[in-house]
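I'd like to walk you through a model I have been looking at, one region at a time.

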Amino acid sequence: MSIALKRTPTTSTPPGGGAATDGLPLAAPVRENYLTSGQTVKSWLLTVDHKRIAILYMISISLMFFFGAAAAGAVRVELTSPNGQILSSETYNKMFSAHGILMVFLFLVPSIPATLGNFLVPLMIGARDLAFPRLNLASWYIYMAGGLMILASLFLGGVDTGWTFYTPYSSIYANGNVSLAIVGIFLAGFSSIFTGLNFIVTIHKMRAPGMTWFRLPLFIWAMYATSVIIILGTPVVAITLLLVLVERMLHLGIFSPELGGDPVLFQHMFWFYSHPAVYIMILPSLGIVSELISANSKKRIFGYSFVALSSIAIAVFGFIVWGHHMFVTTQSMYSSMVFSVISFLVAVPSAVKVFNWITTMYKGSIEFTAHFIYALSFIGLFTVGGLTGLFLSSLAMDVHLTATYFVIAHFHYIMVGGALSGYLGGVHFWWPKMTGRMYPEAPAKLSAIILFIGFNLTFFPQFIVGYLGMPRRYHFYAPEYQIWQVLSSAGASVLAVGLFIPAAYLLWSLKYGKIATANPWGAVGLEWMVPSPPPTENFEEVPIVTWEAYEYSPHDALLAEDDRHDMPGTPSESQVKTQSKAEAGAPA
Amino acid sequence: MDHLSFRAPAASTYAEDVDKLFFALLGLTFFFSILVAGLLIFFAVRYRRGNKVDRTRPLTHNTLLELTWSVGPLVLGLAMFVWAAKLFAGVFAPPKDAKEVYVIGKQWMWHLQHANGVRENNELHIPVGEPVKLVMISQDVIHAFYVPEFRIQRHVEPGRYTSMWFTPTKEGKFHLYCNMYCGTQHSEMGGWVYVMSKSAYQKWQVSGGARPVATGGYTSPNGAPSLTQVGYNLYNKYQCNSCHSQEAVQRGRGPSLVGIYGKIRTMQDGRKLRADDGYLRNVTFYPNEYPLAGWPQGMPSYKNVMTEEEVITVNAYIKSLGGPGSKNLGNVYDPANGGSLQTNTTGSASSGTIGGMTGTGSGSLITNQTVQPGPTSEDGGNLDPQAPAANTNNQQWRYMYGGER
């Protein structure tokens with residue numbers, strides 16, 4: 001569809017930092033951007049600008065994260081004692097359920113796609129907005145409706161089913177606001193579907209001229225793979241939870257054997273979504289890390305097509321491994337074997353990514369920015385999380401470890417060590433672009449390191465206590481596990497410090513941060529060619545892409561940081577080659 | 001916080017095998033983690049900005065490298081898969097001589113029934129070195145029976161039986177957990193597995209095991225009735241015998257249950273089902289869904305009449321009536337003897353006692369009747385042979401339903 005145009009012969013250096021040598025004119029110093037284009041509350045609540053919706057989402061998910069983290073805090077405090085001295089068992093169960101539901105459905109699933117994805121997808125592919133801007137706004141409203149319902153269900157009585165809602169407990173036996181929570185999750189699911197649909201259509205139809213599939217930034221590949229999972233998987237969990245609701249309210253037998261249903265059917269349907277959901281959470285982070293490693297090494301990503309296609313492979317494999325959550329149920333031995341072997345196959349594209357990132361750094365020119373530290377800790381933690389996944393996909397081993405703290409540790413390495421590190425890395429990397437301000441580098445580096453230490457201190461002991469056999473979701477536990485739980489809780493407080501520091505300096509930077517240039521990191525990519533923050537319409541003229549992704553020149557690698565910061569204001573107009581025929585609305 | 005332990009004792013044959021796999025996986029994890037972390041740090045330091053190193057001819061792709069790190073993990077992963085899958089297949093193949101214990105999970109306790117009639121709550125006493133097979137069902141939500149020292153667990157589901165087995169190798173007291181979240185007191189749903197020496201187990205069986213254990217159901221100083229005996233009583237209490245003959249000869253409105261355990265049964269719609277514990281349970285609870293070919297379906301549902309525990313007990317009795325499946329279960333029935341029940345009673349001196357129990361109508365699990373315990377065999381797992389004999393005294397079906405079929 002798009003035609004790859006040849007770069008105009010007057011330019012010999014690629015975009016990015018190389019622009020400094022072009023000697024092209026300075027841009028106007030002050031111009032309207034998406035943040036200044038309307039200051040009223042109404043202008044925010046009725047905006048259809050993907051960048052503003054991204055900000056709305058960022059505020060909302062941060063709020064949900066705060067509630068989810070508070071619930072985790074209660075759990076960790078309670079677990080310092082094996083006899084549970086502060087909370088009742090009922091409250092404890094509601095706390096871990098609230099933690100899981102909030103973190104999974106309202107933070108992790110929307111985190112990167114709805115914030116960084118919303119902000120960056122059009123910018124990175126050279127579009128002026130997503131394909132369906134109103135649908136995008138609707139998705140935020142639906143998210144808020146679902147989110148508030150879930151919060152209401154948690155605050156007005158609570159839910160004690162765990163985030164997994166296993167039947168027949170959730171459908172027949174559980175008290176509490178299960179129905180309201182389910183409706184909330186159902187709605188939040190639709191907000192994901194809207195976002196996913198928007199991304200797929202946008203990536204297919206709205207790429208700038210010359211932006212071929214294999215010139216796309218890897219973040220876009222990751223968002224594309226994520227979107228496919230979202231629109232294929234989310235309807236299934238929506239239906240599943242609706243069926244739980246039907247059984248709960250109308251007593252129609254679906255999952256409860258007392259009513260003639262099958263409880264294992266629920267698990268199949270639930271994990272058919274919820275395993276791919278893990279990849280909804282981690283794939284965007286994998287995309288971000290590809291960006292961070294390349295930008296901080298000032299070098300084209302190694303094995304671009306392998307990294308791009310490994311995202312697709314992970315998405316495909318992700319859909320056919322759900323049964324590995326069910327090795328100790330009545331699932332047949334042969335089904336379990338098939339699910340096990342496919343689960344091992346997921347290791348391959350994951351390993352491909354990790355080794356390609358490492359090799360990208362080889363002969364790079366590496367700058368130790370805060371987001372680079374996040375990327376490094378992501379790779380380390382993702383590697384440990386992935387390798388411990390092999391324990392759980394090993395059938396005989398899983399019979400011992402499933403539903404113990406080993407599983408908790410494993411998926412927190414992926415979800416927190418992976419997805420959250422990736423998200424924070426991405427937020428730091430694109431913060432200047434989103435806000436027009438620089439964050440202070442020193443506290444950022446410090447907090448990234450604190451976070452890494454706190455994370456490991458929190459979750460590594462859980463591997464040990466899981467191998468010792470401590471079941472998850474236990475309020476009272478055997479005294480021999482206490483030392484590991486205390487260590488874990490101590491780690492959680494370090495982790496909390498590592499999260500409060502960025503919250504503080506990022507908010508501080510909004511007012512007092514150094515004004516950001518268009519391209520403070522000297523990175524390549526269309527989003528760095530527009531001013532920071534970008535104007536409402538992103539690109540005054542639709543860019544024509546004539547270069548490959550991550551086309552860093554050796555010159556970029558040698559360019560000193562100070563030189564870049566002294567660069568003239570907005571290189572966007574100077575770098576983006578335009579073509580008068582490729583006007584707005586006709587990019588393809 | 002008494003001591004620092006990194007490893008739970010491995011107390012079953014399976015645990016020893018699994019731990020080998022565990023340490024292999026651990027080795028793999030350490031190798032790759034250190035490799036990745038080492039390379040990351042090395043490259044990050046060596047190629048840091050400003051460090052004067054050779055950066056000429058940087059690589060951007062290399063298919064050979066890509067293949068190396070695709071195929072390498074693939075081969076290692078497949079090797080691990082095969083190792084783990086082989087071990088896992090063993091989980092599904094209990095030895096034929098495994099001692100059966102029935103497990104009922106309910107919010108929030110475990111109830112266990114030994115074949116010899118001993119009942120326990122939240123505790124399981126077993127002899128060391130002998131395979132044990134648990135047949136489990138839940139009365140409400142999903143639970144999971146987990147003994148970390150045995151490295152084994154299985155879900156306990158409502159509506160169908162699951163089983164797992166293990167051979168304990170170490171004497172001691174081990175954790176018994178529910179490891180599937182089941183509601184408010186989930187974390188308190190557990191207890192201990194006591195693995196005892198053979199002699200201690202013998203002693204426990206005749207003294208401690210027969211004394212009121214947790215449930216306090218038995219007051220007999222001489223021992224509890226076996227599961228089969230209790231099942232027999234229930235069989236009569238619920239008047240199963242009014243339709244289902246306990247003799248090889250077919251009488252009554254329903255099929256005789258002699259010799260059916262483990263047989264393939266054909267339904268009216270052509271389904272062929274094996275008459276195992278699950279089948280018997282389902283027929284008891286949902287008879288209309290299992291209309292037997294050749295018979296009019298007239299059996300009422302016992303769904304809200306019998307508990308899971310009672311069904312298990314009656315099943316144990318039906319098993320003792322013989323059938324292709326029952327000889328694997330340590331029962332005494334021998335099809336070589338022509339399926340006649342009387343052959344089973346050879347050597348039993350106490351059949352009259354059982355009949356007397358029935359006569360007094362004390363079919364409930366709580367009984368004060370003195371029951372002669374059968375001679376306990378060496379492994380303690382054999383059923384008492386006397387129970388099936390008693391049915392000859394109990395043929396009121398003739399009067400109730402008008403004769404033979």
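**A walk through the model**

Let's begin in chain A with A:R473, which sits in the loop between helix 14 and helix 15. Please keep in mind throughout that this is a predicted model. The phi of A:R473 is near 60°, a positive value in a residue other than glycine. Is A:R473 buried or exposed? It is buried, because its relative accessible area is 10%, and the cut-off for buried is under 20%.

With a relative accessible area of 13%, A:K363 is buried.

While we are on the backbone, let me show you two cis peptide bonds. One joins A:S532 and A:P533, with omega at about -15°. Here A:P533 lies in the loop between helix 15 (482–512) and helix 16 (554–558) of chain A. The other is in chain B and runs from B:Q107 to B:W108, with omega near -5°. You will find B:W108 in the loop between strand 1 (99–106) and strand 2 (109–114) of chain B.

Now for two threonines. Where is A:T329? Look in the loop between helix 9 (304–318) and helix 10 (333–361) of chain A. Its relative accessibility is 0%, so A:T329 counts as buried. Which residues does A:T329 touch, once those up to four places away in sequence are set aside? In chain A they are A:V264 and A:Q267, and in chain B they are B:R154, B:H155 and B:E157. The side chain of A:T329 also reaches the backbone nitrogen of A:Q331, at 3.1 Å.

The other threonine, A:T202, is part of helix 6 of chain A. A:T202 is buried, with a relative accessible area of 0%. Leaving aside neighbours within four places in sequence, its contacts are A:V121, A:I125, A:D129, A:L130, A:A131 and A:R207.

On to the aromatic residues. Over all chains, the count comes to 66 aromatic pairs. One of these is A:W140 with A:Y141, an edge-to-face pair with 5.0 Å from centre to centre and 70° between the planes. How does burial compare for these two? A:W140 is buried at 8% relative accessible area, whereas A:Y141 is partly exposed at 36%.

A:F214 and A:Y304 also form an edge-to-face pair, at 6.3 Å centre to centre and 65° between the planes. This pair links distant parts of the chain: A:F214 is in the loop between helix 6 (178–205) and helix 7 (218–250), A:Y304 is in helix 9, and they are 90 residues apart. A:F214 is partly exposed, with a relative accessible area of 40%, while A:Y304 counts as buried at 5%.

There is also an aromatic cluster that takes in residues of both chains, among them A:F391, A:Y413, A:F460, B:F22 and B:F23.

That brings us to the second largest pocket, which has a volume of about 850 Å³. By type, the lining divides into 26 nonpolar, seven polar and one charged.

What about enclosed space? The structure holds seven cavities of 30 Å³ or more, and the largest cavity has a volume of about 130 Å³. It is lined by 14 residues, and those closest to its centre are A:R215, A:P217, A:G525, A:A549 and A:Y550. The lining of this largest cavity divides into nine nonpolar, one polar and four charged.

Let me finish with chain B as a whole. Its secondary structure comes to eight helices and 12 strands. Of its 405 residues, 56% count as buried. Among contacts in chain B between residues at least 6 apart in sequence, 65% join residues at least 24 apart.

Conventions: Residues numbered from 1 in each chain as written. Chains lettered and ligands numbered in written order. Predicted model: local features only at pLDDT ≥ 70, side-chain atom pairs only at ≥ 80, totals over all residues. Heavy atoms only, no water. Helix = DSSP H or I, 4+ residues; strand = E, 2+ residues; numbered from the N terminus. Buried < 20%, exposed > 50% of the residue type's maximum accessible area, 1.4 Å probe, protein only. Polar contact = N/O pair within 3.5 Å; in protein donor to acceptor, adjacent residues only side chain to side chain. Contact = heavy atoms within 4.5 Å. 1 Å grid on protein atoms, 1.4 Å probe; cavity = no way out; pocket = protein on both sides within 12 Å on 5 of 7 lines; lining within 4 Å. Points joined across faces, edges and corners; volume = space filled by probe spheres on them. Nonpolar A, V, L, I, M, F, W, Y, C, P; charged D, E, K, R; others polar. Phe/Tyr/Trp six-rings, centres within 6.5 Å; stacked < 30°, edge-to-face > 60°.
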